[in-house]
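Here are a couple of exercises to work through with the model open beside you. Try each one before reading its solution.

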Amino acid sequence: DGVEVLHGVDLPTGVERMVLVPNSRGLDNALRHRGLFEAVGLFVSASQTHNQRNINRTVEQTMADTAVMAKRILAEGLRLCAVIATSFGCPYEGPVPMERVLGLAEQFAEAGAVEVGFGDTTGMANPAYAGRFFASALDRLPGVEVTAHFHNTRGQGLANAYAALEAGCTSFESSFGELGGCPVPAGSTGNIATEDLVSMFHEMGVETGVDLPALIQTARDAQTTLGRRLTSHSIVAGPIPWEALPADHRVVC
């Protein structure tokens, strides 16, 4: 129902619409609706087993198709982005070497990707490693937007985001109330909650350009639409009401 979703969204001018495509056939389908989006995301898993179970291809097959798709995407004048899943560990293979992940990222950059996202697909990252990883990624990918994509499966998502921020990362992916999740294996949650991420950044003095109260209300509306409780903290607690506190109780970064 991707096309139906694209037709249904009503976004302000300047908000980019991206479609995620797994292979050349998916790109064919997307380009039939060229006017409905401005960017295309390609993706691969850093581990062979996860890539096979997710899209039924080897990593090498996926990257070969990526080289072909990248040329077509750029020829259409679209923004080319990439995501590398299981960048911080695979539930089937265990640790994934940083060098392997960054090597794939460099292949995407050479193909013309202007953004590369690193996905903690099943929540296996930790803050210490995340800090080292993003410091290395930013060093290896000059001129490329480096994006952190953390899942909160084991409750470390915000801590990992903080570590990435400290390393110099300024681009993050998140979702209302931790919606989403990898279909393999069972038990994986979605991304860190957008409202919790923005709330944390604002408390740290990091400007996001996002209206936090409006964001929280939108997340609550999504919760109502879905008919179930979502798992973010800010949906329940709301933003910290600093204006109601004495000045000497406030923390300014």
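**Exercise 1: the domain interface**

Domain 1 covers 2-173 and domain 2 covers 176-252, with bounds from an automatic or database domain assignment. The model is predicted, so to speak of local features pLDDT must be at least 70, and side-chain atom pairs count only at pLDDT 80 or more, while totals for chains, interfaces and linings use all residues. Residues are numbered from 1 along each chain as its sequence is written, and side-chain values use heavy atoms, leaving out hydrogens and water.

Task: describe how domain 1 and domain 2 meet.

Step 1. The C-alpha centres of the two domains sit 23 Å apart. Counting contacts (heavy atoms within 4.5 Å), 18 residues of domain 1 touch 18 of domain 2.

Step 2. Buried area is the accessible area (1.4 Å probe) lost by two parts on being put together, summed over both. Here that's about 1500 Å², 70% of it on carbon and sulfur atoms.

**Exercise 2: an aromatic pair**

Task: classify the pairing of F88 and Y129.

Step 1. Rings of Phe, Tyr and Trp (its six-membered ring) pair if their centres lie within 6.5 Å; planes under 30 degrees apart are stacked, over 60 edge-to-face, the rest tilted. The rule counts 10 aromatic pairs.

Step 2. F88 and Y129 have centres 6.3 Å apart and planes at 90°, making the pair edge-to-face.
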